[in-house]
Amino acid sequence: MSDHQNRQDNPDNQIKQPLKKETICVQSGWKPGNGEPRVLPIYQSTTFKYDNSEQMGKLFALEESGYFYTRLQNPTNDCVAAKICELEGGVAAMLTSSGQAANHYAIFNICEAGDHLVLSGTVYGGTFNLIVTTMKKMGISCTVVDPDASYEELSAAFQPNTKCVMAETIANPALVVLDIEKFAKVAHDHEVPLIIDNTFATPINCNPFQWGADIVTHSTTKYMDGHAASVGGAIVDSGNFDFARYPDRFPGLCRPDETYHGVVYTERFGKGAYITKATVQLMRDLGSIQAPQNAFLVNIGLETLHLRVERHCANAQAVAEYLEKHEAVAWVNYPGLPGNRYHDLAQKYMPKGTCGVISFGLKSGRSGAERLMERLKLAAIVTHVADARTCVLHPASHTHRQLSEEQLREAGVAADMIRFSVGIEHKDDIIADLEQALKLN
Ligand code: PLP
């Protein structure tokens with residue numbers, strides 16, 4: 001462990017009360033000592049120097065903790081992971097090179113060839129592809145479930161080889177709000193953890209751990225970075241799922257890892273076992289580390305996350321209300337609207353707001369959607385959501401293009417759906433942009 005980490009752990013350097021999220025956003029992670037840089041430094045180094053070979057050996061044997069090679073760990077990344085961990089209320093966290101890598105590692109850390117998982121059908125198209133197509137090639141199968149299914153229907157999806165359940169707090173782009181408690185209960189009744197992708201809600205609006213989720217993932221590319229400047233991901237462990245209780249179900253965590261001279265992660269690392277294994281085994285072997293430069297940018301983004309998320313949500317609410325009243329608009333989907341199917345769940349799990357993303361369709365259908373997008377001036381057509389600038393996309397033609405008609409239906413993506421990611425510009429200007437584009441439709 002490095003000197004600056006030791007200082008962060010020193011209780012004399014901490015206020016003795018749980019910090020509010022706003023303060024965590026600004027102050028947590030990097031805690032400089034006397035004479036050190038005020039701003040989190042970028043440790044732009046692939047490797048770390050030691051004075052004797054024995055100490056280096058102990059790092060490789062996992063007998064001591066410390067940095068040795070940035071493919072596994074880097075101090076800049078760890079400071080940012082620590083901030084995200086605190087925001088989520090977890091016990092350990094790590095950064096990955098992308099949100100895709102975060103979801104891959106979160107599952108692959110506990111699923112091997114021959115295993116199975118239960119997947120909410122409305123997850124982001126990239127996650128759906130990863131699990132249904134690519135992980136299948138790795139021998140990991142899944143059963144896709146409707147997130148609105150009853151407890152009994154969800155229960156029926158489990159198999160003896162099921163190792164986890166995966167879902168999104170707010171699905172991209174279907175904007176389905178997950179009943180997290182229902183999913184946590186069904187997962188726990190089948191003795192497996194619930195993994196939640198909390199990208200859209202962000203820890204500002206929802207902490208899935210409070211509702212029973214065990215592991216949270218993020219595409220930091222989205223609201224956390226917030227400026228469309230860096231691709232990245234994060235995994236946070238709540239430490240609440242007791243893997244050690246089920247050694248036969250989770251042999252990777254509970255049985256000796258011969259590549260580390262027989263270490264048993266749950267015995268050596270306790271509540272840190274899951275993240276330690278993902279770091280020292282998956283990062284070592286698959287290497288999807290976040291560049292420290294990108295971690296630095298995510299940290300800058302995190303410093304204003306609480307301010308931006310509030311504005312994104314307020315603007316999205318105003319835009320959704322405007323669209324709902326417009327005569328050219330056929331339907332609007334935003335959980336903040338009182339008539340929305342997920343309004344009550346949103347009120348329960350995210351009383352401060354949901355996210356800045358809205359979806360809607362026009363009476364003029366798919367061709368009208370394409371015309372509208374081309375006429376927008378402020379809102380740009382980009383393959384992205386959740387940054388400061390308002391942007392727009394047609395999922396059926398873009399992000400979800402690879403899905404069949406049936407998969408589109410399962411994912412909650414209508415052919416005429418416009419995904420509108422409301423930025424933090426002034427709401428009047430965003431609405432005026434829509435107004436002029438809709439007039440011509
Ligand atoms: N999870 C969600 C909810 C997403 O929206 C995305 C990307 O849009 C991802 C994961 C994948 O993240 P990344 O693009 O950082 O790989």
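**A loop residue and its surroundings**

A: E191 lies in the loop between α8 and β5; helices (H or I, at least four residues) and strands (E, at least two) are DSSP runs, numbered from the N terminus. The model is predicted, with local features needing pLDDT of at least 70 and side-chain atom pairs pLDDT 80 or more, while totals for chains, interfaces and linings use all residues. Residues are numbered from 1 along each chain as its sequence is written, and side-chain values use heavy atoms, with hydrogens and water left out.

E191 is not a glycine, yet its phi is positive, about 60°. Most residues other than glycine have a negative phi, and most peptide bonds are trans. E191 counts as partly exposed because its relative accessibility is 32%; buried means under 20% relative accessible area, exposed over 50%, and partly exposed in between, with a 1.4 Å probe and protein chains only.

The loop between β4 and α8 holds P173, and the peptide bond leading from N172 to P173 is cis, with omega near 0°.

Another positive phi in a residue other than glycine is that of H261, near 55°. H261 sits in the loop between α10 (251–254) and α11 (265–269). With a relative accessible area of 71%, H261 is exposed.

Helix packing can be followed through α5. Two packed helices are described by the angle between their axes and the distance between the axes. Here axes are lines fitted to C-alpha atoms, for helices over the stretch in contact, and angles run from 0 to 180 degrees between N-to-C directions. Helix α5 (residues 99–108) packs against α6 (residues 125–137) at about 45°, the axes being 10 Å apart. That angle makes α5 oblique to α6; under 35 degrees counts as roughly parallel, over 145 as roughly antiparallel, 65 to 115 as roughly perpendicular, and the rest as oblique. In this pair, Q100, N103, H104, I107 and F108 of α5 meet G126, T127, L130, I131 and M135 of α6, where contact means heavy atoms within 4.5 Å. The contact of α5 with α6 has five nonpolar, five polar and no charged residues. In this scheme Ala, Val, Leu, Ile, Met, Phe, Trp, Tyr, Cys and Pro are nonpolar, Asp, Glu, Lys and Arg are charged, and the others, Gly among them, are polar.

Helix α12 (residues 273–286) also crosses α5, at roughly 115°, with the two axes coming within 10 Å. There H104, Y105, A106, I107 and F108 in α5 meet Y274, A278, L282, M283 and L286 in α12. Nine residues of the α5–α12 contact are nonpolar, one is polar and none is charged.

At the scale of the whole protein, there are two domains, domain 1 (3–301) and domain 2 (306–438), with bounds that come from an automatic or database domain assignment. Their C-alpha centres lie 29 Å apart, and the contact takes 39 residues from domain 1 and 39 residues from domain 2.
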